[in-house]
Amino acid sequence: MSILVGKHTRLCVSGITGREGSFHTLRNREYGTQVVSGVTPGKGGQSVEGIPVFNTFHDAVDRTGANTAMIFVPPVFAADSILEAEDAGIELIIAITEGIPAHDELRTYSVIKKNGRARLVGPNCPGILSPGRANVGIIPAGFFKEGNVGLVSRSGTLTYQIGNELAQRGFGNSTIVGIGGDPVPGTDFIDVIGLLEDDPETDLIVMCGEIGGDAEERAAEFIAAHVTKPVLAYIAGFTAPPGKTMGHAGAIVSGSRGTAVAKAEALEAKGVRVGRTPTQVAEVAVSLLGAAA
Amino acid sequence: MYYSRQLMDLLEYQGKQLFARHGIPVSPGRAVRTVEEAVAAADEIGYPCVVKAQVQIGGRGKAGGIKLADDRDEVRRHASAILGMDIRGLIVKEVWIELASDIASEYYASIVFDRSAKAPLVMLSTKGGMDIEAVADEDPDAIAKLHVDPLLGFQPFHGRRLAFEAGVDEDVVRPVGAMLSKLYDAFVAEEATLVEVNPLIVTPERVVRALDAKVTLDGNALFRHPENAELRDPSAEDEQERMAHERGLTYVKLDGDIGILGNGAGLVMSTLDVVALAGGRPANFLDAGGGSKAEAIASAVEVILSDPKVKAVLFNIFGGITRCDEVARGLIEAFAQVKPEVPFVVRLDGTNDVEGRRLLAEANLPNVFAESTMDGAAKKVVELAAGS
């Protein structure tokens with residue numbers, strides 16, 4: 001098994017006719033992902049290398065049975081495209097687009113939550129890869145193979161770095177989920193960690209966080225209460241200076257300082273091992289699972 | 001991401017001008033850059049007035065950056081002292097001249113983007129005019145808090161609940177609620193991530209007014225707000241940061257001597273950590289972003305090298321959407337344009353890494369060292385920076 005994307009995935013890509021959109025769609029298809037359709041308003045009836053393009057998500061769902069959407073349109077159109085996919089009954093929406101205004105994200109998130117029909121992953125994320133099954137997004141799949149490590153991360157390139165360090169030590173992955181680092185992620189660490197806990201093919205969960213917000217602190221609480229599998233964490237930003245934020249309202253909201261030290265302490269207090277470098281994370285993984293392959 | 005999302009902090013007067021556009025009561029005032037302009041502004045506004053340093057830092061009053069002036073001579077004296085003043089590293093280039101207010105009560109109000117609850121959080125307290133973080137520590141119950149459903153918006157009952165819960169004087173419950181409602185309108189309409197008023201005052205005539213304004217705008221939304229995109233803070237502009245901003249790069253200046261370039265905020269932050277663990281001190285954070293083309297890389301190198309403190313540069317690239325051959329071409333282009341005098345350590349992994357490494361090897365650039373791991377690259381660059 002894997003989580004979120006796999007052989008059951010029937011992908012429809014919003015922005016399939018754009019340069020980046022078509023490039024990555026075709027790479028995903030080449031990997032084995034079932035790409036069934038695309039959406040570009042005004043280009044319905046065309047096709048991209050044999051993939052039919054529709055004017056609306058509703059048409060794409062009706063005609064091709066799409067159950068998963070990938071959003072590749074520019075930030076100004078992205079929130080609308082996500083809402084359209086949700087309205088059309090898509091179950092899993094993966095938003096790659098970077099730079100969506102925060103208030104758009106807030107509105108989109110609130111609608112999806114209220115309706116309770118779809119899951120949004122991202123925005124501003126590299127997508128989801130279940131090695132050997134499906135790749136939806138921009139993760140360079142060639143670096144990863146099938147295995148028993150579930151990986152969830154706020155950062156794209158850091159995911160590749162850590163995934164690659166694990167691969168060099170013989171580990172493969174059940175599923176790699178990029179949740180994105182934006183202020184209002186559709187899916188949080190705890191959602192993915194919960195899914196990985198229930199996934200029989202995952203034996204080790206690696207979470208990769210960074211400074212800002214309190215998602216890692218909340219994950220620490222969740223792990224202590226609900227997770228039986230070993231969890232290993234990495235936090236980026238120990239030496240980053242605090243952002244130049246003004247006003248004090250932010251700091252008193254969550255009670256967390258949002259620093260890497262605070263996050264590492266919160267995780268370690270709940271028994272989660274925290275590696276100080278990507279290399280150390282891979283070394284600790286070896287000690288937890290034994291040398292693989 | 002932490003650094004890639006550009007937040008735009010406004011100066012007090014810019015925040016007040018934004019408030020005024022949304023009908024939030026503020027005192028009349030003018031922003032000026034010279035002593036003569038300050039005197040002319042005060043004459044126009046009337047006395048007594050307040051001369052306030054416009055820098056984005058707390059504790060302006062304690063630092064002597066806020067002064068009351070009863071007449072023209074005092075305005076002249078205070079403006080001369082405050083313009084050019086160094087307040088914790090920021091040089092005051094503008095002052096705001098504002099009509100002085102009589103104060104009966106000082107409250108605190110704010111609306112912040114609560115990432116954890118994924119909803120705007122509105123806060124109100126009667127303990128205004130002081131450090132709200134200290135209030136939150138010592139007397140958390142003194143701050144009334146309420147999350148607003150973004151799909152519903154701020155309703156009049158929200159304002160009443162907050163006002164009664166915070167314990168504001170009963171005769172001003174309605175105007176305080178109205179002000180919160182207008183602050184919420186401004187928060188949404190201007191796409192802010194923070195609006196904060198401290199103090200929110202009640203005058204002896206029972207008029208409610210915003211005596212200070214802190215506003216942070218979402219840089220990603222500025223395309224919808226061209227008038228806000230024009231706002232500038234001359235005191236906070238660093239040369240490299242301005243250069244990077246103009247080139248569309250995410251750059252934060254740090255105080256070390258090792259220039260850093262990477263792709264993706266998380267990997268760049270991780271690179272800073274690994275360099276620090278190896279005993280080095282990064283000079284900057286620079287995220288070249290996803291899918292960087294050669295020109296963008298060359299342009300980023302120029303920004304990094306324009307900081308005279310840089311003694312060595314580390315490129316740490318793990319290509320996903322970014323292609324390593326493009327990064328290599330960018331570096332080769334940069335060397336043709338700027339002829340760097342400092343050593344470079346380059347680590348290329350990921351998409352098209354073999355091609356990237358081959359291009360670099362063929363170009364045979366002077367003083368460029370290829371490393372295959374992140375830890376190895378960090379150690380090498382620290383060594384080179386120490387040796388030069």
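Mentor: Start with H6(A) and H7(A), which are roughly parallel to each other because their angle falls under 35 degrees, whereas over 145 would be roughly antiparallel, 65 to 115 roughly perpendicular and the rest oblique. Bear in mind that this is a predicted model, where local features need pLDDT of at least 70, side-chain atom pairs count only at 80 or more, and totals for chains, interfaces and linings use all residues. Residues are numbered from 1 along each chain as its sequence is written, with chains lettered from A and ligands numbered from 1 in the order written.

Trainee: At what angle do the axes of H6(A) and H7(A) cross?

Mentor: Axes are lines fitted to C-alpha atoms, for helices over the stretch in contact, and angles run from 0 to 180 degrees between N-to-C directions. Here helix H6 (residues 189–198) and helix H7 (residues 215–226) of chain A cross at roughly 30°, their axes coming within 9 Å. The crossing of H6(A) and H7(A) is right-handed. Among the residues making the contact are A:Phe189 and A:Ile193 of H6(A) and A:Phe222 and A:Ile223 of H7(A). By class, this contact of H6(A) with H7(A) has 7 nonpolar, 2 polar and 3 charged residues.

Trainee: And how do H5(A) and H10(A) pack?

Mentor: Helix H5 (residues 156–168) and helix H10 (residues 278–289) of chain A have axes 9 Å apart, at an angle of about 40°, so H5(A) and H10(A) are oblique to each other. Their crossing is right-handed. In H5(A), A:Gln161, A:Ile162, A:Glu165 and A:Leu166 meet residues of H10(A) including A:Val281 and A:Ala285.

Trainee: Which residues of H3(A) are buried?

Mentor: In H3(A) the buried residues are A:Ala78, A:Ala79, A:Ser81, A:Ile82, A:Glu84, A:Ala85 and A:Glu86. They pack against several elements of chain A, including strand S1 (11–14) and helix H4 (102–115). After H3(A) comes A:Gly89, with a positive phi near 95°.

Trainee: How many residues does each chain put into the contact between chains A and B?

Mentor: Two residues are in contact if their C-beta atoms, placed from the backbone, lie within 7 Å. Chain B gives 54 residues and chain A gives 55. On the chain B side, helix H9 (residues 265–277) supplies the largest share, 10 residues.

Notes:
Helices (H or I, at least four residues) and strands (E, at least two) are DSSP runs, numbered from the N terminus. A crossing is left-handed if the near helix is turned anticlockwise from the far one by less than a right angle, and right-handed if clockwise. A residue is buried if 20 or more other C-beta atoms lie within 10 Å of its own, exposed if 12 or fewer, and partly exposed in between; C-beta atoms are placed from the backbone. Ala, Val, Leu, Ile, Met, Phe, Trp, Tyr, Cys and Pro count as nonpolar, Asp, Glu, Lys and Arg as charged, and the others, Gly among them, as polar.
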